[in-house]
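Good morning. I have one structure to go through today. Please look at it first, and then I will start.

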Amino acid sequence: MIEALSVVLSQAQAPTGSPALEPQAAAAIAVGLAAIATGYAQRGIGSAAVGAVAEDSDNLVSGLIFTAIPETLIIIAFVTIFIVG
Amino acid sequence: MSATGSSNPEYVNARVRSRRAALFAEEDYRKLVRMGTGEIARYMEETEYETEMNDLGARHSGVDLIEFALNRNLAKHFEDLLEWADGQLHALIANYLRKFDAWNAKTAIRGVYSGAGADDIEGDFIRAGEFDDRLLNALANAGSIEEIVELLDGTIFEEGLGAAFEEFDEAGVLVPLENAIDKTFYEHLLDDVNTITLSQNSPKGLYVEVLQAEIDFRNIRNALRLSRTGTDLDPEEYYIEGGKLFKQGQLRQLVGSFDDLVEYIRESPYGEDLSAGLAELESAESLSTFEMALDAALLEYSDTLSHSHPISICSALSYILAKEREIENVRAIARGREVGLSVEEIEAELVVI
């Protein structure tokens, strides 16, 4: 995210006619935002999963699976890097 | 853990739901009502209540054992609830659990009034509220009711108790004291919540709705009892503020006529849920069936809310209500079996949804 911002800033200062946001920079922002979203989703699911496991350790496997599901967000966002690159 | 920081309803919800699932179901009750007290104790040993049963088994037996184990288990679960919850969730749950402070205060007053020993009184306390062990200990050891009233200075209960004590001093009956405690508890339930600006669909709005239903039901119950017995007590003294159904001053007029009161309840928003109970009320002699219907309606209502809004306090609230109900059910079964009531009679006293 910080890297992406520095790219944006340096682009903004460049006097040439290139776009303000390079495709790579946009992809970096996309991945960063997706990572934040994943974290936010996992916050709720994770705490619920820990609660369920604390009550009954049989829930460990399903708890892990549900906690991992929002990872798909960041994995799909990751694809943008290859599309752009 | 504490009332600071942000709420963690996800965590509390997951834990509470798991415990909710472990409560006795209908078939457990069907088995329990056919057992003797010894068998009930053994049955409980194989469930949730194992630790309490083992701890207390050496010192008590029979119905006492069951009752003490139930109380202790209840306190344990509700303390856990407070331990898990953070932020506003903690504050709201703590507010609601003051119910047990009210219970403990009433237990102490009744105990001292009837001359029970400090040990007996302490055994009946449910340590799930805000009162700490020192205060409870002092309450149990108090020599007179005046002393209890003094001990309760500084808690939320002090405001109504002063006047109630004077009344008690004159008349010598406990009703004004107990009434003052109940009233204070219910009127403080909605302390931290601004009911006017609240959106009806927010989690907090729903919390308020459950509480308002509880207050309304309490008012209905008091009104029906007063109306049925036809006493000349002033119904306004028993009126609890904060509900939606009755307004201040309305009760006096309604209590005068039993039929009007029933009709008023039938046309209220709760009419549909309570219609079966109301129909029975008109034909039956006793109020108890209707009071059971009130309890069941409240349980069902809080359950529905907890399903439609899992990320809110509603699931914790519905768990508290359901757990309390379980304790009361098991106690009713054990006491009923002890005095030799028939299975049907006991079943009529149970609230199972």
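**Contact and fold**

The contact between the two chains takes nine residues from chain A and eight residues from chain B; two residues are in contact if their C-beta atoms, placed from the backbone, lie within 7 Å. By class, the chain A side has four nonpolar, three polar and two charged residues. Here Ala, Val, Leu, Ile, Met, Phe, Trp, Tyr, Cys and Pro count as nonpolar, Asp, Glu, Lys and Arg as charged, and the others, Gly among them, as polar.

A word on the source. This is a predicted model: local features need pLDDT of at least 70, side-chain atom pairs count only at pLDDT 80 or more, and totals for chains, interfaces and linings use all residues. Residues are numbered from 1 along each chain as its sequence is written, while chains are lettered from A and ligands numbered from 1 in the order in which they are written.

Now chain B. Its secondary structure comes to 18 helices and zero strands, where helices (H or I, at least four residues) and strands (E, at least two) are DSSP runs numbered from the N terminus. The C-alpha atoms of chain B fill a box of roughly 55 × 50 × 50 Å along the principal axes. Of the 353 residues in chain B, 39% are buried, meaning that 20 or more other C-beta atoms lie within 10 Å of the residue's own; exposed is 12 or fewer, and partly exposed is in between.

Last, one residue. T47(B) sits in the loop between α3 (37-45) and α4 (50-56) of chain B. T47(B) counts as partly exposed because it has 13 C-beta neighbours inside 10 Å.
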